[in-house]
Amino acid sequence: MALTPLAIRDLTEAVVGCVCAALARTAQEIEGQPGCPCRACVVPGAPAWDSCDDPCGEEGGGGQLSVSVARIYPSSDADFPGESRVVQGVRGCMPPSVTALELVVTLLRCTPTFNESGCPPTCDELVASAQILHIDMVTVFNALLCCLPGTQQTRRGRRFVMGQQKTIGPEGGCVGLEQRVIVALPGCGKCPDGEDSP
């Protein structure tokens, strides 16, 4: 089926909201854990490491949360998330039975660096930074597992496959995580010629 024009926008905004809410809940449960960054948004392409500190003052949580699209490709009900190699265009507007969308969730936080005297961070500072990162890793992973099924209003919910999560940085005073997830997009739009897709 053909995709609706706002299918990607709606999903990416839902993911930002879901992860942000999970980070805020975790911050309430664990003392010293920062919440959702005030800089949290959908970005085009790979996110720029614009800010990992607190750009919003004391009101918002420090860091930067972004969701971006890595790729979109045809798949099938039987082989999701595999990439379909079915030849298109043989029977008019015949979109793939499933369109797969790979999302990248990136979360950056400040990390200790060399001080003014050129000394490296202490072990205590590094341990504290690692704890924040590790809690963020679990929170983001769990948020996607719990929230993604509910982003599609069907009996079975949305299908998705969790990809790898990896640590990124430290670089420029920032450290963080990158979580990938492949999501099946529903198709219910019209083909460009105006006919409903099958």
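**Labels and the values behind them**

Modeller: Let me begin with the side chains of Thr-111 and Ser-129, which are joined by a polar contact of 3.0 Å. This is a predicted model, in which local features need pLDDT of at least 70 and side-chain atom pairs count only at pLDDT 80 or more, while totals for chains, interfaces and linings use all residues. Residues are numbered from 1 along each chain as its sequence is written, and side-chain values use heavy atoms, with hydrogens and water left out.

Biologist: What makes the pairing of Thr-111 and Ser-129 a polar contact?

Modeller: The term asks for a pair of N or O atoms within 3.5 Å, where, within protein, one must be able to donate a hydrogen and the other to accept it, and residues adjacent in sequence count only if both atoms are side-chain atoms. The 3.0 Å between the side chains of Thr-111 and Ser-129 is set against that limit of 3.5 Å, and therefore the label applies.

Biologist: Is Thr-111 buried or exposed, and how do you know?

Modeller: Buried means under 20% relative accessible area, exposed means over 50%, and partly exposed is in between (1.4 Å probe, protein chains only). Thr-111 has a relative accessible area of 13%, so this residue is buried. Its place is the loop between E3 and H2, where helices (H or I, at least four residues) and strands (E, at least two) are DSSP runs numbered from the N terminus. Leaving aside neighbours within four places in sequence, Thr-111 is in contact (heavy atoms within 4.5 Å) with Ser-129, Pro-170, Gly-173, Cys-174 and Val-175.

Biologist: Why is the link between Cys-18 and Cys-147 called a disulfide?

Modeller: A disulfide is a pair of cysteine sulfur atoms within 2.5 Å, and the sulfur atoms of Cys-18 and Cys-147 are 2.2 Å apart. The torsion about their S-S bond is about 95 degrees, so this disulfide is right-handed. The pair links distant parts of the chain, with Cys-18 in helix H1 and Cys-147 in helix H2, 129 residues apart. Cys-18 is buried, at 11%, whereas Cys-147, at 26%, counts as partly exposed.

Biologist: How many disulfides does a search of the whole structure find?

Modeller: The search finds 2. A disulfide also joins Cys-20 to Cys-36, with an S to S distance of 1.8 Å; the torsion about the S-S bond of Cys-20 and Cys-36 is about -105 degrees, so that disulfide is left-handed. Here the partners are 16 residues apart, with Cys-20 in helix H1 and Cys-36 in the loop between H1 and strand E1 (37–42). Cys-20 is partly exposed at 21% relative accessibility, while Cys-36 counts as buried at 13%. Cys-146, by contrast, is in no disulfide, because the nearest cysteine sulfur, that of Cys-147, is 6.5 Å away. Cys-146 is exposed, with a relative accessible area of 63%.

Biologist: What makes Glu-178 and Arg-180 a salt bridge?

Modeller: A salt bridge is a side-chain nitrogen of Lys or Arg within 4 Å of a carboxyl oxygen of Asp or Glu, and the closest N and O atoms of Glu-178 and Arg-180 are 3.3 Å apart. Glu-178 counts as buried, at 15% relative accessibility, and Arg-180 is partly exposed, at 25%. Salt bridges that share partners join Arg-71, Glu-102, Glu-178 and Arg-180 into one network. The count by this rule comes to 7 salt bridges, including that of Arg-85 with Glu-83, whose closest N and O atoms are 3.7 Å apart.

Biologist: Which residues have the most contacts inside the largest nonpolar core?

Modeller: They are Leu-11, Val-15, Val-19, Val-105, Leu-144, Leu-148 and Val-181, in a core of 27 residues. Its largest share, 7 residues, comes from H1. The label nonpolar core denotes a set of buried Ala, Val, Leu, Ile, Met, Phe, Trp, Tyr and Cys residues joined through side-chain atoms within 4.5 Å. A second, separate core of 6 residues includes Tyr-73, Phe-80, Val-98 and Ala-100.
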